[in-house]
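Welcome! Please keep the structure open as you read.

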Amino acid sequence: MVHIPDTPLHTNLDIQLANLMEAAGDAVFRLNAEGEILSASKRAIDLIQPDGLLTGLLLSDLVVPEEHGVISSAVKHAIQSRQHNQVHVRIKTSTTALYFDFLMTAYLTEEGHTELLAVGKNIAQQMANEESLRHLATHDSLTGLPNRSLLSDRLNMAMAQARRTGQGFSVLALDLDGFKKINDALGHPVGDVLLREAGMRLREILRDTDTLARVGGDEFIAVLPSALTEIEIQIIARRMITSIQLPFEIQGHVLYVSTSIGVAIYPEHGDHEVKLLAHADIALYRAKETGKARYVLYDPQTFTKPVHDVSIEAAMFEAVKNGEFLLHYQPVVDANTRQIMGFEALMRWMHPDLGLMSPLQFIPMAENNGLINLLGAWVLKAACVQLKHFEKAAGHRLYMSVNVSPRQFRSDQFLATLDEAIKLSSLQGNQLLLEITEGILMSDPEYAETLLIEIAARGVGIAIDDFGTGYSSLAYLKRFPINTLKIDRAFVKDLPHSVKDAAICDVVISLAGHLNLTTVAEGVEDEQQLQFLAAQGCALIQGFHTGHPMLPSEAIAVLTANATATAIHSSDAL
């Protein structure tokens, strides 16, 4: 058996073997049964120890200390199993540590000795790209602050910690008084700089253990784990107000804004995320109503509150019996032709006293009390049946998109409900698109994979809703049978002026294209946004610019008018 030394080669066989090792990977090693390096590729030497020798060292000596055992175990496993063994480690170089994937294979030499070939691929750039995407998924692209998704995680961590220690925490909801006026007068570029600088000022006031998130527009949320007393909260809130009241010098303009703050305390003002944020928000609007540039602590005794949760919950069950829930349908159009290709079904509640209620006001409650399974089954069946009427009016094939809640997804009756909806409506499976969130996939990936395979076997499409705002793991795009990515409105609303949002959309659309996935951009509200997204290759558009959510009769009227216009145009062309 020929051994390849680290020194220059002289025989033809040596040269051939060296060339093979160079071509096999970024760093290739031949090892004995103890994991000792017998030879190394030139690229490995140049990368790891250009001025020294690698022969005689253990491969485990080249990785970071905490991963020595990973290499040793991989060597033993490859020898014992006689199968390929793959490991992921960080190799030390003269300047840094780089991520490598190694594939180890054991074999016998002509002399009967066991040796191994370790072929390594440098995945440092891949890891950096994934880390960048993870950061984008959990942080606001404009300010770099945590976004709503990461805020939710931090709030849940704070609540878990509070339950363990018995010590609560406070939540502050803030927005910038006068921001809209400046943004409208001077444009988005100035407004964006103002938001970034405001975020930095607020962040500097807080401690490392505190969280400051931007949740949309000029709205921020702060989570303060150790600020509980009114005096402690007052000190921090006043510092924030004072910091924002200082002048902002932006592009030759001296600008002044202020901030109003609403405060809620866990668990006194809410024992779960939705209620806590809602009460902080109520306090914020009380601060704005009573003078702005001040903070207000939520007071359940004096604040005007919406109908109590228990009353709403009881009314929900009555609403099911009384037929108060209804569906609106928002068109999804082709980005280039503007033709309606499908609809998203959106549930609404026409409360007899409160009027039309948004899903945000009742879906979380329905999820908690289990009513979502009944409502979700009705939505799925009703939307599928309605699509047949829409197709008749349109004169061409359409698809229907339906949201699936976490509790629905986990229900053992979900597949049966899906089958009933398809059978009842006589739809083809590929005319139905089920929208699920990233959180549903990642909460139990094994269960999700099994169920999604069953769904895909029926021809039904699967869309990731609000892509980029949750986990955004590239792994699940590979693992699960996904058809569609829906680009969240958070990345659309500032297009095409926001360079970062434009870059994010471009990356998502490009990624989807390479993976043969369809992209749908949500929240498109003007022609500039639509044209930008169409130019980048986004397939479908959804938003107020191309169609508001509408009742079935309105949707049919629109489809009929479009079909008539198309027919007239076709006859004119003849």
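## Before you start

This is a predicted model, in which local features need pLDDT of at least 70 and side-chain atom pairs count only at pLDDT 80 or more, while totals for chains, interfaces and linings use all residues. Residues are numbered from 1 along each chain as its sequence is written, and side-chain values use heavy atoms, with hydrogens and water left out.

## The whole chain

The protein chain holds 20 helices and 21 strands. Both are DSSP runs numbered from the N terminus: helices are H or I with at least four residues, and strands are E with at least two. Along its principal axes, the C-alpha trace spans about 90 × 70 × 50 Å.

Of the 574 residues in the protein chain, 47% are buried (under 20% relative accessible area, with exposed over 50% and partly exposed in between, using a 1.4 Å probe and protein chains only). Take the contacts (heavy atoms within 4.5 Å) with a separation of 6 or more: residues 24 or more positions apart account for 61% of them.

## The antiparallel sheet

Let us begin with an open sheet of 5 strands, ordered S2-S1-S5-S4-S3 and paired antiparallel. Two strands pair if DSSP finds at least two bridges between them. At the edges lie strand S2 (37-40) and strand S3 (85-92), each pairing on one side only. On average, neighbouring strands are turned by 30 degrees against each other, direction ignored. Axes here are lines fitted to C-alpha atoms, for helices over the stretch in contact, and angles run from 0 to 180 degrees between N-to-C directions.

Strand S1 (residues 27-32) is joined to S2 by 3 bridges, and Phe29 has Ala40 in S2 as its bridge partner. Helix H3 (residues 68-81) packs on this sheet, where it touches S1, S3, strand S4 (97-108) and strand S5 (114-122). The direction of H3 makes about 150 degrees with that of S3.

## The mixed sheet

Another open sheet has 5 strands in the order S7-S8-S6-S11-S12, with mixed pairing. Its edge strands are S7 and strand S12 (295-297), and each pairs on one side only. From one strand to the next, the twist averages 20 degrees. Helix H8 (residues 230-245) packs on the sheet and touches strand S6 (169-177), S8, strand S11 (258-266) and S12. The direction of H8 makes about 160 degrees with that of S11.

Strand S7 (residues 211-216) is mostly covered, with 5 of its 6 residues buried. S7 pairs with strand S8 (residues 219-224) in the antiparallel sense over 5 bridges. Ala213 has Ile221 in S8 as its bridge partner, and Thr211 stands opposite Val223 in S8. The hairpin of S7 and S8 has 2 residues between the strands, and Gly217 takes a positive phi near 55 degrees there.

## Two crossing helices

Now find helix H18 (residues 499-514) and helix H19 (residues 527-536), whose axes come within 10 Å and cross at roughly 40 degrees. That angle makes H18 oblique to H19 (angles under 35 degrees count as roughly parallel, over 145 as roughly antiparallel, 65 to 115 as roughly perpendicular and the rest as oblique).

Which residues make the contact between H18 and H19? H18 brings Ala502, Cys505, Asp506 and Ile509, and H19 brings Phe532, Leu533 and Gln536.
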